[in-house]
Amino acid sequence: MSTLKKVLETKKEGLLNIYCTAGYPQLNDLPTIVNALHDAGVDMVEIGIPYSDPIADGETIQQSNAVALKNGITIDLIFEQLKQCNKNIPKIVMTYFNPVFKYGLEHFCEQCQKVGVDGIIIPDLPLELYQSSYEKMFQKYGLSPIFLITPQTSRERLKFIDELSSTFIYAVSSSSTTGKSTGINEGSTYLSGLKNLGLQHPVLVGFNISTSEDLALVNEHAQGGIIGSAFIKHLRENTSPQEACHTFVKQITNC
């Protein structure tokens, strides 16, 4: 059983997933950040593979992608760095289809398995294409696909996503890119209805969670939260990545 599945089975609520961009702020910071987040008590980490056109991401993460690429980050180097990361924290990679396709999808999946990656988020990979061409490959290498839902996702598509999933479902808090809005819409019927969708898999909410109040609200309606832009900003404002991880987790969890 993957470390991600173990965490999801043992902790049913209050899950915290922190996103970081590989190669940011400095080229070799990834192991330091992942290991510090683990020590700070984060339940899982989402590792962004920098891409020149990150269409689902807002300005903050786009800028971190640009810095990482300028630093010289590559997919091969990311896999090398992941070998230095704590094996006990679930690791999810977030990328786009073009760089993975160019790298070679099966080779990518094989490398993920070797370095202990549990899941993959590819927002621009169509569900139908995944099911027809890549589902068996993901299963072969023990990788969980993680799909996104939005306030506009139909009931039929929700059911389809739930059937294709094997760990959790990523609920986008609103129809926007990451970090674009300020805070979570407390009156959102979409958010308040997440636990009543009758899904087999837990739901974690991401996009625009920037305060402990946002996270607390998300935890009322879902199994946990995913934080990216707010953490990237915190890294940018601190000289020590290790210290930044601990102070951010303390602030966002209010403990």
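Predicted model: local features only at pLDDT ≥ 70, side-chain atom pairs only at ≥ 80, totals over all residues.
Let's start with D43 and K11, which form a salt bridge with their closest N and O atoms 3.0 Å apart. By salt bridge I mean a side-chain nitrogen of Lys or Arg within 4 Å of a carboxyl oxygen of Asp or Glu. This pair links distant parts of the chain, 32 residues apart: D43 sits in the loop between α2 (30-39) and β2 (44-48), and K11 in the loop between α1 (3-10) and β1.

Residues are numbered from 1 along each chain as its sequence is written, and side-chain values use heavy atoms, with hydrogens and water left out.

Back to our pair: is D43 buried or exposed? D43 counts as buried, at 12% relative accessibility, and K11 counts as partly exposed, at 30%. Buried is under 20% relative accessible area, exposed is over 50%, and partly exposed is in between, using a 1.4 Å probe and protein chains only.

How many salt bridges are there? The count comes to four. Another one joins R157 and E128, whose closest N and O atoms are 3.8 Å apart. R157 lies in helix α8 (residues 155-164) and E128 in helix α7, so this pair ties together parts that are 29 residues apart in sequence. R157 is partly exposed at 36%, and E128 is partly exposed at 44%.

Now for the rings. The structure holds ten aromatic pairs. Rings of Phe, Tyr and Trp (its six-membered ring) pair if their centres lie within 6.5 Å; planes under 30 degrees apart are stacked, over 60 edge-to-face, and the rest tilted. Take F97 and Y134: their ring centres are 5.9 Å apart and their planes are at 50°, so we call the pair tilted. F97 belongs to helix α5 (residues 97-103) and Y134 to helix α7 (residues 127-140), so the pair ties together parts 37 residues apart in sequence. F97 is buried at 16%, and Y134 is buried at 14%. There is also an aromatic cluster formed by F79, Y103 and F108.

Next, the sheet. Nine strands form an open sheet with parallel pairing, in the order β5-β4-β3-β2-β1-β9-β8-β7-β6. Two strands pair if DSSP finds at least two bridges between them. At the edges are β5 (144-145) and β6 (148-149), each pairing on one side only. Strands β8 (residues 203-206) and β9 (residues 224-227) are joined by three bridges, and V205 has G225 as its bridge partner in β9.

Let's finish with Y19, found in strand β1 (residues 15-21). Y19 is buried, at 4% relative accessible area. Leaving aside neighbours within four places in sequence, its contacts (heavy atoms within 4.5 Å) include E46, I61, M94 and F231. Where does G228 come in? Y19 and G228 are 209 residues apart in sequence, yet 4.5 Å apart in space, C-alpha to C-alpha.

Notes:
Helix = DSSP H or I, 4+ residues; strand = E, 2+ residues; numbered from the N terminus.
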